[in-house]
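The following report describes the fold and some local features of one protein chain. It is meant to be read with the sequence and the structure in view.

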Amino acid sequence: MLEKTEDLELKNQGAASKKAAVTVTSEAAILMEAQTGTVICEKNQDERVSPASITKIMTLLLIYDALHDGRLQLSDKVTTSAHAKSMGGSQVFLEEGEVQTVETMIKCIVIASGNDASAAMAEHISGSEDAFVAAMNQKAGELGMTGTHFVDCCGLTDSDDHYTTAKDVALMARALITNYPEISEYATIWMENITHETKRGSSEFGLSNTNKLLKMANNFEVTGLKTGSTAKAGYCFCGTAVKDGLNLIAVVMDAPDYKIRFSEVQQLLNYGFANCRAYKDDNPPELLPMAVKDGQKEWVTLAYEQPFSYITFRGENPEDIRSELVLDNHLMPPFEAGTKAGRLVYYLDGQEIGDTAVIVTEGVERAGFIDYLQKVYRNFMSISG
């Protein structure tokens, strides 16, 4: 029986073609640029599907959140519970009471997709897997993953209440690789041994990466990320890669077989790198101080909230991008640091393509009677002096 193929809908701005030159057999797929979140092309991106071990991207994201805010250290010791040991599916065969470092657990999760390691980390961070899953769902909401709900930390479940979408997978992968690019140090390890220290003694166990894209012939650098498969979910894969400063995320969900998920992600990445370029404005206009009316300070310094980035598509010349600085005439206090004072607007072929906010770097309170007296005194002294 022939599998149904379908062109991915092109999502770029101003491209002449309405269809991407990419066909996939997977039920759902998406190609996203990581820095801007631009969706380059997609197929059924909002369709709810079972994520299998793709779930572990969120588990890893929460682990790295805990590392970032100091609740966790890579050298911390994690003890495997009876519950974690009992996990089926893909595992690294941790024993009850076995102790491993957080760093080793991360390797077990991202390289070998260990369900037991995922459960052990969930319990270590949140006290129980249920509490950790609640944090996963909260994080999904913060990321705008409106089509996702988790019931476990590893994706082993067959519950209909455990679901996501191709777009939501890309969103959580984007959060992981942009906030914590160091994940690629582990996600690109092909094989590595860990040591089990149990009551029965010491033994070596080999981790083998489930991401076969790492060993395929590519003209880009693979940076990760995660596979998944169950009878319910089919074969899933979220692959990340970089080339010429462009970071792409490709996701396929419910592919018909083991190999196709890798070839279709490779095809998506090839399409993106062949047709897209990253534009970043490294030299925006200089910002002069802005006048403050009726404030304790007469002037306030300005800054750009963040650099402007944009993805150009074939047929679009980044050299044609122009910008226009649009500022308020003055600011009326009180206001806090970070208050918007204008924006730098970008245009391509006469069409607005985006902007970046101009903000104040410090807060200013409204002037009082004493402030006005001091101002009059300063003006008098400057004249008389």
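This is a predicted model: local features need pLDDT of at least 70, side-chain atom pairs count only at pLDDT 80 or more; totals for chains, interfaces and linings use all residues.

Which order do the strands have in the open sheet of four strands? The order is β15-β19-β18-β17, and the pairing is antiparallel. The edge strands, each of which pairs on one side only, are β15 (302-304) and β17 (322-327), and the twist averages 30° from one strand to the next. Strands pair here if DSSP finds at least two bridges between them, while helices (H or I, at least four residues) and strands (E, at least two) are themselves DSSP runs, numbered from the N terminus.

Residues are numbered from 1 along each chain as its sequence is written, and side-chain values use heavy atoms, with hydrogens and water left out.

**Overall composition**

The secondary structure of the protein chain comes to nine helices and 19 strands. Of its 385 residues, 48% count as buried, a term that means under 20% relative accessible area, with exposed being over 50% and partly exposed in between (1.4 Å probe, protein chains only). The accessible surface comes to about 18,500 Å², of which 48% belongs to carbon and sulfur atoms; such areas come from the Shrake-Rupley method with a 1.4 Å probe, and for residues only the protein chains shown count as cover. Among contacts between residues at least 6 apart in sequence, 63% join residues at least 24 apart, where contact means heavy atoms within 4.5 Å.

**Strand pairs**

| Pair | Bridges | Residues standing opposite |
|---|---|---|
| β9 (residues 221-230) and β10 (residues 234-243) | nine bridges | K226 and C238 |
| β15 and β19 (residues 351-360) | three bridges | Y304 and V358 |

Strands β9 and β10 form a hairpin with three residues between them. Strand β9 is mostly covered, since eight of its ten residues are buried. Strands of a sheet pair through backbone hydrogen bonds, either parallel or antiparallel.

Helix α1 (residues 56-68) packs against helix α5 (residues 129-142) at an angle of about 95°, with the axes 10 Å apart. The axes are lines fitted to C-alpha atoms, for helices over the stretch in contact, and angles run from 0 to 180 degrees between N-to-C directions. The two helices, α1 and α5, are therefore roughly perpendicular to each other, a term used for angles of 65 to 115 degrees, while those under 35 count as roughly parallel, those over 145 as roughly antiparallel and the rest as oblique. On the α1 side, M58, T59, L61, L62 and D65 meet F132, A135, M136, K139 and A140 in α5. By class, this contact has seven nonpolar, one polar and two charged residues; Ala, Val, Leu, Ile, Met, Phe, Trp, Tyr, Cys and Pro count as nonpolar, Asp, Glu, Lys and Arg as charged, and the others, Gly among them, as polar.

Helix α1 also contains Y64, which counts as buried because its relative accessibility is 3%. Not counting residues up to four places away in sequence, Y64 touches I106, L176, Y180, E182, I183 and Y186. Y64 and N179, although 115 residues apart in sequence, are 8.9 Å apart in space, C-alpha to C-alpha.

I106 is one of the buried residues of α3. Eight of the nine residues of helix α3 (residues 102-110) are buried, so this helix is largely enclosed by the rest of the structure.

**Backbone exceptions**

Most residues other than glycine have a negative phi, and most peptide bonds are trans. A cis peptide bond joins G224 and L225, with omega about 20°, and L225 lies in strand β9. Another cis peptide bond joins P333 and P334, with omega about 5°; P334 is placed in the loop between β17 and β18 (340-348).

S113, which is not a glycine, has a positive phi of about 60° and is found in the loop between α3 and α4 (115-126). With 4% relative accessibility, S113 counts as buried. D254, likewise not a glycine, has a positive phi of about 60° and is placed in strand β11 (residues 246-255). At 31% relative accessibility, D254 counts as partly exposed.
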